[in-house]
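Q: I have a fold on my screen and want to learn how to read it. Can we go feature by feature?

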Amino acid sequence: MTISLNKISFFFIIFFGFILFFNSLSNLDYNKKSVVNNTGKRDFDKQDPNIITSESNKSQTKTLLNENSIDNQLKELKKIVISVKKGQTFSKILDNFKFSENKFEIINAINKEFNLKNLGVNQKIAFFNDENNITKKITLELDYKTILLIDLSTNIKITKKELNTLSSTESKEYLITNSLYADGIANYIPNEILMKLIQLFSFDLDFQRDIKKNTIVSISYEITTVENKNNYYFGDIEYARIEINNNNLEYFKFLTDDGFIDYFNREGKNVKKSILKTPLDGAKISSNFGMRKHPISGFNKMHKGIDFAAPIGTPIYAGGNGIIEFVGNNGGYGKYIRIRHNNDYKTAYAHLSSFKKGISKGVRVNQGEIIGYVGSTGRSTGPHLHYEIIYQNEQINPLKLKLPSGKVLKGTELKKFEKNYKIILANHLNNLFE
Ligand SMILES: [Zn+2]
C-alpha cells in the first residue's frame, strides 16, 4: 500500500488545525466560566463613562490573558496567596516566610510606595518562593487593577504595575415571572447591578405593587476583566428599560456638564423626580402646615397639609408620577384623591369639586397630569385645595420637603445627550440581537 507524501502532509495539517482550534476553544470557555462566581467592586474609576466599548472585543480578551502575564514570569517559583485578616500586620504576615533580606528593610522599602498601615482586611498578597522556600517575590494587590511588585531576587526592587483591563458592555433582557430580583439572578445578572436597577427605578416604581407578571426588563451594564484574574468587575448601568402594560420607563447613563453621572430618559429628563410643592397654577397659600385653631371646630389642631386658595374648577395636577390609591368621598376631606408615588411617598388632595374623567383607583398618573378640580366639599370654609405630602405614612410639611430636583437637559448638553443615548441604544440592541 502506498500513500503519497502529499496525503500525509495534508492529514497532518488537518490534525494540527484541530488541535489549535480546540486549544483556543477551551481558552474562551475558561473566560466564560467565571461569570457565575464573580465578585464585583463598586469603586470604578473610568476615563470617560460616556464611551461605550461593545462586546465585539472578545478576541482581545484572549491575548490579554496570555501577554504580560506576571505569573508567567514567575512560574518557576511556588506561589502562595494570602488574604489579610482583621488585626493582622504586614510584619506578622512576613514572619510566616523566609527571606534573604532583612524583614524591616523590606517593610521600609514598601512603605515608600504604599503605606502598610493602610493594609485592608481581605487585601491579597502573593508570595513566590524558590525551591529552598526563600521568598523571591511578593505582589501586593492595591486595588482591582493595580499591584505592587516587590522583587527580592538581587536586592529590593519595587514597581507599581497597572494591570491591563478590558471593558465591555453586557446586555440582558428578561420577562418577570416571579420578581425583578429573582428573575434577574436567574438570568445571570449580578446582584450589585440588580441593586442599582432597583435604586434607579425607585422614583417611578413601587416594587411590591407595580411589578406584574410579564413585565419586561432590558438592561446594559459595564463589565471589566482584568489580566490574570478570573473575576469580573461590574460598573455602571448604561441603559435600563422596564415595560409594564405597554408603559415604557427607560433611562440612559450620561455624564452631565457639571461632571455628574446621572440617568435621563429620551427627552433628557432626569430620573430623580421631585414632588411638586404647588400642584396647581396661580394659587396662594391660605393656611400653612402646623398648629392652628381649626376654622370650623374652633379647637387647636395640627394642620397636616397646606391650603391653597383658588377658584372653583382650577385644575389640580398630580404632584409626581404614581398610582391612584384612593379616589372618592373621604369624610371631612370631601372629594379626595391620594396618589402613591413609591415605597416612601404619597400625596393627597382634598375638598375637590370633581375628579378628572378616567381617574380611578389603580390608574397610573404622571407628574403634572390633571387629576381633578378645586372645590369646597367636606369640612371646608371656602374654595381651596388642601394638599398633603405623606412620607412613610405620615404627613410632612411640603415646604420643607428636600427631594432632589429633577434636572432637565437643554441646549448643547441635550444635543450631546441625544447623540450619546443613540449609541447606547444601538449598542444595547446589537448586543441582544447580534
Ligand atoms: Zn387644609
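Q: How many bridges pair strand 3 with strand 4, and in which sense do the two strands run?

A: Strands of a sheet pair through backbone hydrogen bonds, and the sense is either parallel or antiparallel. In this predicted model, strand 3 and strand 4 (residues 146-151) are antiparallel, with six bridges. The two form a hairpin, and two residues sit between them.

Q: Which residue of strand 4 is the bridge partner of Ile138?

A: Ile150 is the partner in strand 4.

Q: Is strand 3 largely enclosed or largely open?

A: Count the buried residues. A residue is buried if 20 or more other C-beta atoms lie within 10 Å of its own. In strand 3 (residues 135-143), seven of the nine residues are buried, so the rest of the structure largely encloses this strand.

Q: Is Asn122 buried or exposed?

A: The cut-off for exposed is 12 or fewer neighbours. Asn122 counts as exposed because it has 9 C-beta neighbours inside 10 Å. This residue lies in the loop between helix 5 (103-113) and strand 2 (124-129).

Q: Which residues does Asn122 touch, setting aside those up to four places away in sequence?

A: Asn122 touches Ser83 and Val84. Look at Lys85 as well: it is 37 residues from Asn122 along the chain, yet their C-alpha atoms are 6.2 Å apart.

Q: In what order do the strands of the five-stranded open sheet run?

A: The order is 6-7-8-9-10, with antiparallel pairing. Strand 6 (165-175) and strand 10 are the edge strands, since each pairs on one side only. From one strand to the next, the twist averages 20 degrees.

Q: How many bridges join strand 9 to strand 10?

A: Four, and the strands run antiparallel. Here Phe252 stands opposite Phe264 in strand 10.

Q: Which helices pack on the sheet?

A: Helix 7 touches strand 7, strand 8, strand 9 and strand 10, and its direction makes about 45 degrees with that of strand 8. Helix 8 touches strand 6, strand 7, strand 8, strand 9 and strand 10. The direction of helix 8 makes about 70 degrees with that of strand 6.

Q: Which residues of helix 7 are buried?

A: In helix 7 (residues 191-200), they are Ile193, Leu194, Leu197 and Leu200. These residues lie on the same side of the helix, because they cover an arc of only 120 degrees around the axis. Their cover includes helix 6 (180-186), strand 7 (216-226) and strand 8 (232-244).

Q: Which residues have the most contacts inside the largest nonpolar core?

A: Leu197, Leu200, Ile219, Ala240 and Phe264, in a core of 30 residues. Helix 7, strand 7, strand 8, strand 9, strand 10 and helix 8 (411-433) each supply at least two core residues. Strand 8 gives the most, with seven. Follow the contacts of Ala240 beyond four places in sequence: they are Leu197, Leu200, Ile219 and Tyr251. Apart from this core lies another, of 24 residues, including Ile306, Tyr333, Ile337 and Tyr373.

Terms used. Residues numbered from 1 in each chain as written. Predicted model: local features only at pLDDT ≥ 70, side-chain atom pairs only at ≥ 80, totals over all residues. Contact = placed C-beta atoms within 7 Å. Arc of directions from axis to C-beta. Core = buried A, V, L, I, M, F, W, Y, C linked by C-beta atoms within 7 Å. Pairing = 2+ DSSP bridges. Axes fitted to C-alpha atoms, helices over the stretch in contact; angles between N-to-C directions.
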